[in-house]
Amino acid sequence: MKQILIVFFVLIFVKAEAQTSAFTSVDSLLQVGRYKSALHILKEIQPSTYTSNLKIGSIYYSIDNYKKAIDFYIKSQEIDDTNEVNLLLGKCYQKLKKHP
């Protein structure tokens, strides 16, 4: 039983570390304007997370694709309904001049 628990915690740690390194890579790509490459990395994260969906939404927002940004912000909101994601959704709706 102890061995199973140890393996379980190691797998969780490795998965969390992989996501952290993916987010670091994405942030580096975004700093140099490589949005498509960043999107590709983020969309490969399975299962999608609050942060991955938020970052994808932010990329779409930055390239003025507000409808896609809303889709990913809503996915983030479904995982964790935070003030941050609600504010970002509001900004998208304002840009589109419509309300949910």
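User: How many aromatic pairs does the count come to?

Analyst: First, this is a predicted model, where local features need pLDDT of at least 70, side-chain atom pairs count only at pLDDT 80 or more, and totals for chains, interfaces and linings use all residues. Residues are numbered from 1 along each chain as its sequence is written, and side-chain values use heavy atoms, with hydrogens and water left out. Rings of Phe, Tyr and Trp (its six-membered ring) pair if their centres lie within 6.5 Å; planes under 30 degrees apart are stacked, over 60 edge-to-face, and the rest tilted. By that rule, the count is two aromatic pairs.

User: What kind of pair do Tyr60 and Phe72 make?

Analyst: Their ring centres sit 5.8 Å apart. The planes meet at 25°, so this pair is stacked.

User: Which helices does that pair link?

Analyst: Helices here are DSSP runs (H or I, at least four residues), numbered from the N terminus; strands would be E runs of at least two. Tyr60 and Phe72 are twelve residues apart, and their pair links distant parts of the chain. Tyr60 lies in H3 and Phe72 in H4 (residues 66–79), so to speak of helices, the link joins H3 and H4.

User: Is Tyr60 buried or exposed?

Analyst: Buried means under 20% relative accessible area, exposed over 50%, and partly exposed in between (1.4 Å probe, protein chains only). Tyr60 has a relative accessible area of 6%, so Tyr60 is buried.

User: And what about the rings of Tyr61 and Tyr66: what kind of pair are they?

Analyst: Their centres are 5.2 Å apart. Tyr61 is partly exposed at 24%, while Tyr66 counts as buried at 13%. With the planes at 65°, the pair is edge-to-face.

User: Which residue forms a salt bridge with Asp27?

Analyst: A salt bridge is a side-chain nitrogen of Lys or Arg within 4 Å of a carboxyl oxygen of Asp or Glu. The structure holds one. Here the closest N and O atoms are 2.7 Å apart, and the partner of Asp27 is Lys55.

User: Where in the chain is confidence lowest?

Analyst: pLDDT is the predictor's confidence in each residue, from 0 to 100. The chain averages 83, and H4 scores highest with a mean of 97. Where pLDDT is low, the predicted coordinates should not be read in detail. The lowest mean, 62, belongs to helix H1 (residues 2–31).
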